[in-house]
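Biologist: I have the sequence and the model open on my screen. Could you take me through the terms you use and tell me how each one is decided?

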Protein chains: 2
Amino acid sequence: MSKAIVSREQDYSQWYNEIVIKAGLADYSAVKGCMVIKPYGYAIWERMQRALDDMFKETGHSNAYFPLLIPKSFFSKEASHVEGFAKECAVVTHYRLKNSPEGIVVDETAKLEEELIIRPTSETIIWNTYKGWIQSYRDLPLLINQWANVVRWEMRTRLFLRTTEFLWQEGHTAHATAQEAIEETIRMMDTYAEFAEKWMSMPVIKGIKSANERFAGAVDTYCIESLMQDGKALQSGTSHFLGQNFAKAFDVKFLNKEGKSDFVWATSWGVSTRLMGALVMTHSDDEGLVLPPMLAPHQVVIVPIYREEEQHQKINEVVAKLKNEFKAEGIRVLYDEADNRSPGWKFAEYELKGVPIRLAIGPKDLEKGTVEVYRRDLKKKEFVPIDGITAYIKNLLVEIQKSLYDKAIAFRTASTIKVDDYTTFKDILEKKGGFLLAHWDGTSETEEKIKEETKATIRCIPLEGEKEEGKCIYSGKPSAQRVIFAKAY
Amino acid sequence: MSKAIVSREQDYSQWYNEIVIKAGLADYSAVKGCMVIKPYGYAIWERMQRALDDMFKETGHSNAYFPLLIPKSFFSKEASHVEGFAKECAVVTHYRLKNSPEGIVVDETAKLEEELIIRPTSETIIWNTYKGWIQSYRDLPLLINQWANVVRWEMRTRLFLRTTEFLWQEGHTAHATAQEAIEETIRMMDTYAEFAEKWMSMPVIKGIKSANERFAGAVDTYCIESLMQDGKALQSGTSHFLGQNFAKAFDVKFLNKEGKSDFVWATSWGVSTRLMGALVMTHSDDEGLVLPPMLAPHQVVIVPIYREEEQHQKINEVVAKLKNEFKAEGIRVLYDEADNRSPGWKFAEYELKGVPIRLAIGPKDLEKGTVEVYRRDLKKKEFVPIDGITAYIKNLLVEIQKSLYDKAIAFRTASTIKVDDYTTFKDILEKKGGFLLAHWDGTSETEEKIKEETKATIRCIPLEGEKEEGKCIYSGKPSAQRVIFAKAY
C-alpha cells in the first residue's frame with residue numbers, strides 16, 4: 001500500500017480518511033455506517049480510556065454495566081428525550097431465525113411483544129434501575145459510569161466522527177440537591193477539559209450549549225469544543241444537568257434529611273471514540289498522523305541500519321541495553337528488526353503512524369557513539385550521544401507533548417476572531433472558518449436563521465473570558481456576551 | 001436489607017442468587033434475561049479483565065473492535081455455525097420510531113433491506129473483515145482479541161451464569177498452518193487455566209469437548225472445566241481450533257512462502273462474565289461471598305470502634321498511617337468511617353461482601369498496641385501487634401489466596417470418582433454429583449442416551465492424567481481413556 005496521502009490543501013476530508021485508514025486506526029466495515037477499530041487505533045483508544053477511567057475514579061465514580069436493549073415504552077417516558085432519539089433507533093423485533101426454502105429467515109413466530117431499542121444512550125434504562133436503588137438521602141450521591149457501545153442510526157457517516165455504532169463512556173449520577181448536581185456537571189466538563197489538554201494536547205473551550213444544541217432531556221448541556229485544522233469546530237465532550245426530568249419520568253423519589261419526599265436530581269456526561277477523530281485532526285500533517293507522546297502506543301521506534309549480519313549483531317546488543325533503560329523509565333519502545341522491510345520503508349511507515357520519536361542506529365553511529373534522533377512533530381533530525389540518551393528522550397517526550405499543545409493553541413488563537421458585522425461574519429466563515437466570537441440576541445429563531453444562511457451554529461456560550469455586552473450580529477437586539485459560532489462536524 | 005442469606009443446604013440455587021444480589025454483584029433488569037452488573041461486581045470483573053488482558057498482550061495479542069451488528073447473510077455462510085446460533089438470535093429489522101395516535105411506534109417505512117443480527121459471537125463479521133487484511137504469509141499470524149457484549153436469546157436465565165446479554169472477550173486468530181493454529185488454541189486454554197488457578201484460586205481440568213459439546217463451526221473445542229460446591233460442573237472457558245472452516249466460508253486465502261495459495265487456519269477463544277458465577281460458587285459460604293485477595297476490590301477493610309469523639313480522632317490518626325503503609329505495599333484498603341452505621345452492621349456487611357481481611361481498632365487496641373484481625377475465609381479472629389502489621393497483612397493475603405485454592409482442590413479431589421458400573425454412576429449423580437471418571441465408547445449416541453437418562457454430559461476428554469483403557473460404562477464397547485461426566489450449569 002502506498003504511504004503517500006493526499007495533502008490537507010488538496011482535499012481535507014480525503015486527507016483525514018486516508019490517515020485513519022493508512023495509519024491503521026480504523027477501517028470501513030461491511031455493516032452500513034459501522035467501523036472496525038484496528039489494533040493500532042484501539043491501542044490509542046485504550047490509553048484514552050485508562051486515563052479517563054483513572055480520573056473518574058479519582059473523582060469518586062465507580063463503573064457498572066446496564067443492558068444494551070431498552071424496552072420501547074421506557075424510551076418514550078421522557079418526552080423530549082424520545083423526540084431527540086426516535087429517528088435514529090435500531091429496533092429489535094424478533095429473537096429467532098429459522099430455515100426455509102429461501103434459506104435462513106426471521107422466524108415470524110418469535111416476534112417480541114414489545115420491541116427493544118438498542119441503546120443510543122442509557123438514561124432511561126438507568127433511571128428505571130435507580131428507582132430500585134434510591135430510597136433515602138443516605139443512598140445519594142450515586143456516582144456511576146459505564147463503558148459501552150451505543151447505536152444511533154446515521155445516514156451520513158465518517159470514520160470516528162459519526163458512525164452508527166460507536167464506543168463511549170456515559171456517567172449517570174443521582175443527587176439530593178440541584179446545586180450538587182450542577183457542581184457534578186461542571187466537575188465532569190472540567191475533567192474532560194483537563195484530559196483533552198493534558199493527554200491529547202488539544203486546547204478546548206468550555207461553555208454551555210444554546211437551547212437548540214442541548215441534549216434531548218437536559219436542562220443545561222455543558223461542553224468542551226475544539227477547533228480542527230480546517231477551521232471547523234468539533235464537540236469533544238458533553239456534560240448534562242438533567243434537573244429532575246428523568247426522576248419524574250421514572251418516579252425516582254428519596255426521603256431527604258428533613259424526612260420529606262422529593263425527586264432526585266440527575267446528571268449525565270460522555271465522551272466517545274469521536275475523540276480519536278479530534279486527535280487525528282488536531283495534530284496531523286501531510287505526512288500522516290502526529291501523536292502526542294502520552295497517547296502514543298509506541299513513543300519511540302528504533303530502526304537498525306546495517307549491511308552485514310555482524311553489524312546487525314552489534315546494533316542488537318546496543319539496542320537491547322537501550323530498550324531496558326527506556327522501559328525502566330516507562331518509555332514505550334518498539335524495536336523494528338523485521339528483515340523483509342528496508343529502513344526507508346520503515347521510516348515512511350512510522351512517519352505515517354505518527355510515532356513521536358524515531359531512532360536510527362547504524363555502524364557509523366556505533367563508531368561515533370551517537371544515535372540519529374528524528375522528531376516526528378517538527379520533522380527534525382539530529383545526532384545525539386548515546387551516553388545519556390535515555391534522559392534526553394524522556395525530556396524530549398515531555399517537550400513534544402507541550403509543543404503540540406502550544407502549536408494547537410497558537411492556531412486556535414489565530415483562528416478565533418471577534419466579529420461585529422454579519423457581512424464580515426459570512427465572509428470569514430466562507431473563506432477560512434474558525435471560532436467567531438459574535439453577539440447573539442439569545443433566541444432560537446436568530447440562531448436557526450444564521451444556521452440556514454451560513455451553516456454555522458452556536459458551539460457554546462463560553463464560561464471563561466470577558467463578558468462584554470453588545471448587539472446581536474443578526475437582529476441588532478441587545479446581547480449580554482459574545483458566543484462562539486462555527487461550522488461544526 | 002437483611003444480611004442473612006439462605007444456606008447452601010437449604011436451597012443452593014437460592015443461596016447463589018442471594019449472594020449475587022445482596023453482596024451487590026448484580027441485579028435483575030427490566031429487560032427479560034438481561035442483568036445489571038452493579039459497581040461492586042463490576043469492580044471484580046474489571047480486575048479479571050485487567051489480569052486477562054495483560055496475559056493476552058504478553059502472548060502477543062492486540063485488542064481491536066468489530067461491529068455489534070452482523071448482516072444475516074454473513075451469519076448463514078458457515079453451515080454448522082448458523083445451525084448452532086440461529087435459534088437464539090436477536091434480530092434488528094427497523095431503524096426508526098415515529099409518533100402515532102397510539103404513541104411511539106416502529107416506523108414501517110424504515111425497514112432494513114437485510115436484517116441485522118446482534119452478535120452472539122463474532123467469527124463471521126471478523127472473518128469477513130480478515131479477508132481484506134490477509135494476502136500473504138507476511139500478514140500472518142494475526143492475533144486479535146476483542147472485549148465486547150454479546151446477545152444470545154435465552155429462555156431460562158440465571159445471573160452471571162446464563163444471561164441474554166453478557167460481557168466477554170473473544171480472541172480471533174489467523175495462521176499459516178494447522179499446527180500453528182492448534183498450538184495457539186492450546187496456548188489460550190493454558191492461559192485461561194493459569195488465570196483461573198492463580199487469580200481465581202479455582203482449580204480447573206483441561207480437556208477436549210466431545211462432538212456433541214463442540215462449538216458450532218469448530219474442528220475441536222478445548223476447555224477448562226471447574227467443579228462447583230453442589231457437585232455440578234461449570235464450563236469456564238473455551239478455545240476453538242476452527243480449521244479452515246471460516247476461511248472457506250469467507251474465502252480468506254493467502255500466498256504461502258512457496259508462493260502457493262491456501263486457505264487460512266483459524267482459532268477463537270473466550271471467557272465471559274460467567275466467570276463471576278464460577279467465582280461465587282467456588283469459594284462462598286453460608287455467610288456470603290468469599291473473595292480471593294487478588295480479585296477483591298477491597299483486600300482489607302478497617303472498622304473503627306469508639307464511643308467518644310476523642311477516641312475516634314486517635315483511631316483516625318493510627319489508621320491514616322496504616323492506610324499509607326498498606327497503599328505503599330499495593331494493598332487495597334478501605335477505611336469505613338461512616339458514623340450512621342454500627343460496627344456490627346459493618347461487620348455483617350463486609351462478611352457478606354467477602355472482604356478477605358477485616359481489621360477492627362478500638363481504644364483498648366490503642367492501649368495495647370494491637371489490632372483485631374479477622375480472616376473471612378476461615379472466620380478466624382486474632383489480635384496482632386500493630387507494629388509490623390503491614391508485612392503481616394501482606395503475607396496473610398498470599399496465604400488466603402493459596403488456602404482458598406487448596407480448599408477448592410481438596411473438594412474437587414474428594415468429588416472426582418472413578419466409576420465402572422452404570423448403576424453406581426447413576427447413584428452418585430443422584431446423591432452428590434461431582435466429576436465422574438468413566439469409560440465411554442466415543443459415540444454421540446451413547447453420550448446422548450446417558451444425558452437423557454441421567455442429565456450428565458461429557459464435560460471433557462481430559463488432557464492430563466493417566467490414559468487407561470477400559471470398557472464403556474454404558475455400551476461395554478472398548479474405550480481408550482476415561483472421560484469426565486457431570487451434570488453441568
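Biologist: What makes you say that the copies meet through the same surface?

Modeller: 100% of the interface residues of chain B are also interface residues in chain A, so the same surface is used by the copies. Two residues are in contact if their C-beta atoms, placed from the backbone, lie within 7 Å. By that rule, 51 residues of chain B are in contact with 51 residues of chain A. On chain B, the side that touches chain A has 31 nonpolar, eleven polar and nine charged residues. Here Ala, Val, Leu, Ile, Met, Phe, Trp, Tyr, Cys and Pro count as nonpolar, Asp, Glu, Lys and Arg as charged, and the others, Gly among them, as polar.

Biologist: Before we go on, what kind of model is this?

Modeller: This is a predicted model: local features need pLDDT of at least 70, side-chain atom pairs count only at pLDDT 80 or more, and totals for chains, interfaces and linings use all residues. Residues are numbered from 1 along each chain as its sequence is written, while chains are lettered from A and ligands numbered from 1 in the order in which they are written.

Biologist: Why is strand β12 of chain B called largely enclosed?

Modeller: A residue is buried if 20 or more other C-beta atoms lie within 10 Å of its own, exposed if 12 or fewer, and partly exposed in between, with C-beta atoms placed from the backbone. Seven of the eight residues of β12(B) (residues 220–227) are buried, so the strand is largely enclosed by the rest of the structure. Four bridges join β12(B) to strand β11 (residues 205–208) of chain B, antiparallel, and eight join β12(B) to strand β13 (residues 233–243) of chain B, also antiparallel. B:Ile224 is the bridge partner of B:Lys206 and stands opposite B:Gly237 in β13(B). β12(B) and β13(B) form a hairpin with five residues between them, and B:Gly231 in the turn has a positive phi of about 85°.

Biologist: And what makes B:Ser415 partly exposed?

Modeller: B:Ser415 has 18 C-beta neighbours inside 10 Å, so this residue counts as partly exposed. B:Ser415 lies in the loop between α12 (389–414) and β22 (416–418) of chain B. Not counting residues up to four places away in sequence, B:Ser415 touches B:Leu227, B:Gly231, B:Gly434 and B:Phe435.

Biologist: What makes helix α8 of chain A mostly covered?

Modeller: Ten of the ten residues of α8(A) (residues 274–283) are buried. Among them are A:Arg274, A:Met276 and A:His283.

Biologist: How do you know which strands of the eleven-stranded sheet in chain A stand at the edges?

Modeller: The order is β3-β9-β10-β16-β13-β12-β11-β24-β27-β23-β22, an open sheet with mixed pairing. β3 (62–63) and β22 (416–418) of chain A each have a single partner strand, so one side of each is left without a neighbour in the sheet. Within the sheet, strands β10 (residues 165–175) and β16 (residues 265–272) of chain A pair in the antiparallel sense over eight bridges, with A:Gln169 opposite A:Val271.

Biologist: Which strands are the edge strands in the five-stranded sheet of chain B?

Modeller: That open sheet has the order β18-β17-β19-β20-β21, with mixed pairing. β18 (333–335) and β21 (380–385) of chain B each pair on one side only, and these are the edge strands.

How values were computed: Helix = DSSP H or I, 4+ residues; strand = E, 2+ residues; numbered from the N terminus. Pairing = 2+ DSSP bridges.
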